[in-house]
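Please read them alongside the coordinates.

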Amino acid sequence: MEMNNIPTVTKNLLIINVLAYLASAVALRYGIALDQFLGLHFFMSPNFHFFQLVTYMFMHANVSHIFFNMFALWMFGCALERAWGARNFLIYYMVCGIGAGMLQEIATGVEYYFVAASLSQEGINEVMLNGADVLNQMMNYTNSGLANLNLILNSSTVGASGAVYGILLGYGVMYPNQLMYIFPFPFPIKTKYMVVGYAAIELVLALANSQSDHVAHVAHLGGMLFGLLLIMYWKRKMRKNGYYYY
């Protein structure tokens, strides 16, 4: 990968994400959990801040997490930035990432409602006040309801995956018949089918409410949804102004 051949916004996003990951790794050595402060918390959590809807996109859990996100950003982002221009690509990236976070907040809100409905107000207050300290000690409540509520309130969502899934959708819209090899298939697949396949997988996993893999599947869908809505808005605006969308 030659950095000089990477468009400006894509290159800067890659650099910022890598620097943020290195900064979080160094800070952790000094007992500072940047991913907890800058990661996206549920809006009812005492640790929630509005700026987290932006900063969570630049935090990553581990090396493999940031590697695959940055690889996808480079692979698909370069083509989109060259086609759309730096300004539109940056807007698209941020809209997808923030939109992914917003949809994740809604999904977490639904989950909170069902979990909290089975608990007493005293139990909810206990988790609100002391749950974060319990998790910091690498522990959780023995009561399953309190434990689930504690994870909802005091866990954070991190990663550029929502924005990256939006980029994947944008690439599929721009280059629907581009052939790609996707593991484990030994034959090429058109991009449009790949995008639909990924969306279907994320939808199934989101509906299954799978938490064991610690992946924010709803956020992935949110990135794709907001990306689609923005592309549709751009298409409508360009038709109205007498331009063609390509």
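1. Buried positions in H10. In helix H10 (217-240), the buried residues (buried meaning under 20% relative accessible area, exposed over 50% and partly exposed in between, with a 1.4 Å probe and protein chains only) are His 217, Ala 219, His 220, Leu 221, Gly 222, Gly 223, Met 224, Gly 227, Leu 230, Ile 231 and Trp 234. They pack against H4, H5, H8 and H9. Helices here are DSSP runs of H or I with at least four residues, numbered from the N terminus.

2. Basis of the values. The model is predicted: local features require pLDDT of at least 70 and side-chain atom pairs count only at pLDDT 80 or more, whereas totals for chains, interfaces and linings use all residues. Residues are numbered from 1 along each chain as its sequence is written, and side-chain values use heavy atoms, with hydrogens and water left out.

3. Length of H10. The 24 residues of H10 should span 34 Å at 1.5 Å a residue, and the end C-alpha atoms are 35 Å apart, in agreement. The expected span is 1.5 Å times one less than the number of residues.

4. The largest nonpolar core. A nonpolar core is a set of buried Ala, Val, Leu, Ile, Met, Phe, Trp, Tyr and Cys residues joined through side-chain atoms within 4.5 Å. The largest one has 49 residues, and Leu 73, Phe 76, Trp 84, Tyr 92 and Tyr 93 have the most contacts inside it. At least two residues each come from H1 (8-29), H4 (63-84), H5 (86-116), H8 (161-174), H9 (191-207) and H10. H4 supplies the largest share, 10 residues. With residues up to four places away in sequence not counted, Leu 73 touches Thr 10, Leu 13, Leu 14, Cys 78, Phe 89, Tyr 93 and Ile 167; contact means heavy atoms within 4.5 Å.

5. The second core. A separate core of 13 residues includes Ile 124, Val 134, Tyr 141 and Ile 152.

6. Helix H6. What is the shape of H6 around Asn 130? A kink of about 60° is centred on that residue, the bend being the angle between axes fitted to the seven residues ending there and the seven starting there. Met 138, which follows H6, has a positive phi near 60°.

7. Cysteines. The whole structure contains 0 disulfides, a disulfide being a pair of cysteine sulfur atoms within 2.5 Å. Cys 78 is in no disulfide, and its nearest cysteine sulfur, that of Cys 96, is 16 Å away. Cys 78 is buried, with a relative accessible area of 7%, and Cys 96 is buried at 0%.

8. Asn 17 lies in H1 and counts as buried at 0% relative accessibility. Beyond residues up to four places away in sequence, Asn 17 touches Met 57, Phe 58, His 60, Ile 66, Met 70, Tyr 93 and Ala 160. Pro 7, in the segment before H1, is buried with a relative accessible area of 12%. Leaving aside neighbours within four places in sequence, Pro 7 contacts Cys 78, Glu 81 and Arg 82. The C-alpha atoms of Pro 7 and Ala 79, 72 residues apart along the chain, are separated by 8.8 Å.
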